[in-house]
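Keep the viewer open and work through them one at a time.

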Amino acid sequence: MEFNSNSGFLYVIVSIVILFVLLQSVVFFVKAWRRGKELGMDVKALKKTVGSSAVFTIAPAFAILLGVIALSKALGFPLPWLRLTVIGSLTYEATAAAAAASAVGATLAERVTDPKIFTAIAWVMALGIVPGLVLVPALGKKIENGVSSIKSKDSKWGQIFLSGLFLGMISAFLGLVFADVHAGLTGWIPVFVMLASAVLMIVCGLLRKIIKAKWIEDYALPISLLGGMALSIPITQLVQSIAG
Amino acid sequence: MKNDISYRDSVHRIGRVWILSALAMLIAVPVAICLYYRAWPSIGGVLKGMLSIAPIFWTVGVIEVFTYVPMLGTGGSYLGFVTGNLANLKVPCALNSMDRAGVQPGTEEGEVISTLAIATSSIITTLIIALGVLLLSQIAPVIESEALQPAFANILPALFGALGVVFISKDWKIAIAPLAVMITLFLLIPSLASAVGVLVPVGALIAIGVARVLYKAGMLDEKTAPVEPMD
């Protein structure tokens, strides 16, 4: 069989897996929705969650699509499409593919035509994400029980404990924004973008107070994310023109 | 209460079936490609590839389970770990949705909101990428255009800048120490950027440690007012 990284066969098997995962999302959605109604939650609040999550997802989804395109030059479309729709993340897939390629003496700079190299890359990308899929079913319940036992001992501390967990994650990623500062003025671009987006979030909060529009608050995160991304364009131009 | 437990148990049951099936399908893909093209890679090559990524990615994978499962809840975890893009999409989406809905993670209501947010986000992502691959010739010139590259390069700062305002303003007393440590760390050792996942629990331990001290000293007694108090 002549190998082609964009073959119909690859599209078919990839589509099957993607449809399976889409089905899982729908099943969990329906289950959560029913449970929400059972608990007597306001349907409006549920709808708002769906609406704001959908809007929020658009920009990151296009960034992920950009990752698919970047990897497609070497690997064709089906494999990167699968890897970035299911489990993968932008940072992981590109690194895994590059590491696998170099391990078998290939590079991602050109199209992979040797099926043995292609399958080596496919195996490494698949095996690299196994831990999460094994550990969630194995340990998920125990971790949850651990957290709820902290909560049942002292509910206020339980809440503070979870806030600490969020803040740990948020501070790690905010710290990451400063990783390029050593490169000089252009390395500050991410810091300026972060500040711009933070200011937009504060403005959303103030607007919500002044004009009393609740929807602004519900869409504040997508608005600030998109606004920050949009502002990064003039910020980058400005900084680059100053830095020369 | 009995009902609560049985609901969670039922999510665990179906969650395990779905996540293990997803794992089987994921492994089946390279198997199918190898069988169809009769091209098995050299075991040495795959091992060598694994050796260069597994130490970091498996460590991060283990850490992600311990840090994100308490945030995402039962249904959210089974779904989020299958659909991926956790730190850059699913976790911020779930945290923000729970905050907006005024529900706590780990509660029944938090469970519902988090699962709905992650399911919606997964469905939209899948659709956008599928449409993008289908309509690629029309879309590629736009999203690959030089002018838009800064926007995609800065998605994480734009996301965490906004998210930071929401969560830091609520618990600023707990946030200061981990923030200061993380910023200093990245300023001193920029190469840590490739292992940010490993630093998430470090930040969390610092935050939780500081919170414990402040809590015991009675300094967290009155809940810090959010930036925009509900009227």
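**Aromatic ring exercises**

Let's start with burial: Phe3(A) has a relative accessibility of 12%, so this residue counts as buried. Keep in mind that the model is predicted.

**Exercise 1.** Work out whether Phe118(A) is buried or exposed.

*Solution.* Buried means under 20% relative accessible area. Phe118(A) comes in at 0%, so Phe118(A) is buried.

**Exercise 2.** Count the aromatic pairs over all chains, then classify the one formed by Phe3(A) and Phe118(A).

*Solution.* The count over all chains is 13 aromatic pairs. For Phe3(A) and Phe118(A), the centres are 4.9 Å apart and the planes make 55 degrees, which is a tilted pair. Now place the partners: Phe3(A) sits in the segment before helix 1 (8-38) of chain A, while Phe118(A) belongs to helix 5 (residues 115-127) of chain A.

**Exercise 3.** Decide why the pair of Trp188(A) and Phe192(A) is stacked, and look up how exposed Trp188(A) is.

*Solution.* Planes under 30 degrees apart count as stacked. Here the angle is 25 degrees and the centres lie 6.3 Å apart, so the pair is stacked. Trp188(A) is partly exposed at 32%, and Phe192(A) is partly exposed at 31%.

**Exercise 4.** Which residue lies over the face of Trp157(A)?

*Solution.* Look to chain B: Arg212(B) lies there, 4.5 Å from the ring centre.

How values were computed. Residues are numbered from 1 along each chain as its sequence is written. Chains are lettered from A and ligands numbered from 1 in the order in which they are written. This is a predicted model: local features need pLDDT of at least 70, side-chain atom pairs count only at pLDDT 80 or more; totals for chains, interfaces and linings use all residues. Side-chain values use heavy atoms; hydrogens and water are left out. Rings of Phe, Tyr and Trp (its six-membered ring) pair if their centres lie within 6.5 Å; planes under 30 degrees apart count as stacked, over 60 as edge-to-face and the rest as tilted. Helices (H or I, at least four residues) and strands (E, at least two) are DSSP runs, numbered from the N terminus. Buried means under 20% relative accessible area, exposed over 50%, partly exposed in between (1.4 Å probe, protein chains only). A charge sits over a ring if NZ of Lys or CZ of Arg is within 6 Å of the ring centre and within 35 degrees of the ring normal.
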